[in-house]
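Thank you all for coming; I would like to take a few minutes to walk through one model with you.

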Amino acid sequence: MNLTTPADLPLLGAVQSRVVMAPMTRGFAPDHLATAEMAEYYRKRAAGGVGLILTEGTIVHPEGDGYRNVPHIATDAQAESWAPVIAAVHGAGGKIFSQLWHCGRISHAELTGGLQPVSSTNRAAGGLNRQNDKPFGEPRALSAAEMPTVYGQFADAAVRALAVGFDGVQLHMGHGYLVDQFFDSRINDRSDAYGGSVENRCRFAIELLAAVLARVPADAVMVRISPSREMNGLYDWPDLEAMLAHLLPAFAGLGLRMLDLSCAGSDYAKTAGRLMPAVRTAWPGLLLGGASLTAAEAEAELAAGHVDMVTFGRALIANPDLVARFRSGGAVTEFDRAMLGRLD
Ligand SMILES: Cc1cc2nc3c(=O)[nH]c(=O)nc-3n(C[C@H](O)[C@H](O)[C@H](O)COP(=O)(O)O)c2cc1C
């Protein structure tokens with residue numbers, strides 16, 4: 001198994017490498033539409049040899065927005081704006097999934113078009129929202145009766161994404177956003193069937209996935225979770241092993257076959273990497289993971305059989321031709337935060 005050579009993978013089929021571009025919000029989508037600049041940005045990464053691109057988080061409904069200038073996929077026109085991006089990536093030999101995103105309480109009414117953010121809880125997230133330097137907005141806990149509406153927002157978005165030619169969708173269930181706000185007992189303070197026990201805290205995610213899989217084929221659906229990470233105030237689900245022991249078989253039982261274990265920007269070896277061997281044993285399908293690994297570390301993870309593909313985030317912002325550099329053993333440019341100010 002090799003990081004940079006073509007592979008024929010279950011579900012995904014032929015990919016030009018096992019390098020995956022991690023989903024990265026960039027904020028260059030005014031009017032919530034994908035642009036020609038974005039098409040060129042993603043095309044370059046595919047042309048550089050990336051096997052699979054996971055797009056930046058794309059908002060399924062205005063109520064789920066929490067960031068400025070991020071793309072939405074709540075209307076057909078928004079979905080269609082991605083057609084040139086998809087064509088550019090396919091033309092360069094890559095595959096591309098749309099990452100479907102709902103921020104939940106990591107938001108503010110200023111970012112949702114005036115709608116009150118929703119969550120598992122009525123309690124606001126701590127700290128300041130860097131999008132507007134104000135405290136996060138006070139959310140409204142979703143009632144059980146409203147949840148099917150949110151599931152429908154994801155399912156509709158998935159249908160739209162596939163209709164415009166995405167190879168698949170990734171449901172963002174990590175990083176302290178809406179679904180994670182149900183998983184985590186330090187946030188989820190509900191006393192109904194969606195709070196309390198491990199089974200209850202996983203219920204929202206499982207029902208959401210079931211609703212999506214009722215509308216689109218399982219070979220086009222991936223889930224991203226981040227059971228071990230530092231972002232938006234979380235670090236490890238407190239009952240991590242029990243959660244994974246319940247969630248992973250439930251996901252697999254619904255037909256899910258593709259899973260991405262993220263640790264956001266935390267140290268891979270101490271977080272997601274630590275879980276990979278156990279998850280690998282429990283997970284029958286395609287497994288993705290990574291975070292700032294060197295080529296040698298990524299090769300070692302593949303060789304150990306811990307993952308099938310390796311995600312790279314910031315290194316692919318800094319090096320559109322990262323795969324080619326890995327192949328040639330050339331120097332890799334260091335990521336620098338100033339690079340976030342432009343899309344190239
Ligand atoms: C600028 C930036 C934006 C990000 N946006 C998203 C996002 O929209 N969705 C997501 O799941 N992860 C997002 N992440 C996390 C990355 O997907 C990835 O997990 C993280 O950067 C760790 O990988 P790396 O160390 O290789 O960069 C973002 C990371 C960065 C640096």
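Which residues of helix α3 (residues 83-91) are buried? Before I answer, please keep in mind that this is a predicted model, in which local features need a pLDDT of at least 70 and side-chain atom pairs count only at pLDDT 80 or more, while totals for chains, interfaces and linings use all residues. Residues are numbered from 1 along each chain as its sequence is written. Helices (H or I, at least four residues) and strands (E, at least two) are DSSP runs, numbered from the N terminus.

The buried residues of α3 are Val85, Ile86, Ala88 and Val89, where buried means that 20 or more other C-beta atoms lie within 10 Å of a residue's own, exposed means 12 or fewer, and partly exposed is in between, with C-beta atoms placed from the backbone. Because these residues cover an arc of only 165° around the axis, they sit on the same side of α3, the arc being that of the directions from the helix axis to the C-beta atoms. An α-helix has 3.6 residues a turn, so residues three or four places apart point the same way. What do the buried residues of α3 pack against? Their partners are α1 (36-47), β4 (52-59) and β5 (95-101), and contact here means C-beta atoms, placed from the backbone, that lie within 7 Å.

After α3 comes Gly93, with a positive phi near 90°. The C-alpha atom of Gly93 is separated by 8.0 Å from that of Val15, although the two residues are 78 apart along the chain. Val15 belongs to strand β2 (residues 13-15) and is buried, with 20 other C-beta atoms within 10 Å. Leaving aside residues up to four places away in sequence, Val15 touches Pro6, Ala7, Leu9, Gly51, Leu52 and Lys95.

Let me stay with backbone angles for a moment. Most residues other than glycine have a negative phi, and most peptide bonds are trans. Leu11, in the loop between β1 (7-9) and β2, has a positive phi of about 70° although it is not a glycine, and it counts as partly exposed because it has 17 C-beta neighbours inside 10 Å. His32, in the loop between β3 (19-21) and α1, is likewise not a glycine and has a positive phi of about 65°; with 19 other C-beta atoms within 10 Å, His32 is partly exposed.

Now to the helix pairs. At what angle do helix α4 (residues 147-163) and helix α6 (residues 198-213) pack? The angle is about 45°, with the axes 8 Å apart, where axes are lines fitted to C-alpha atoms, for helices over the stretch in contact, and angles run from 0 to 180 degrees between N-to-C directions. α4 and α6 are therefore oblique to each other, given that angles under 35 degrees count as roughly parallel, over 145 as roughly antiparallel, 65 to 115 as roughly perpendicular and the rest as oblique. The contact involves Met147, Tyr151, Gly152, Phe154, Ala155 and Ala158 of α4, and Phe204, Glu207, Leu208, Ala211 and Val212 of α6.

α6 also packs with helix α7 (residues 240-254), at an angle of about 20° and with axes 10 Å apart, which makes α6 roughly parallel to α7. Residues in this contact include Cys202, Leu209 and Leu213 of α6, and Met243, His246 and Phe251 of α7.

Definitions and conventions
Two residues are in contact if their C-beta atoms, placed from the backbone, lie within 7 Å.
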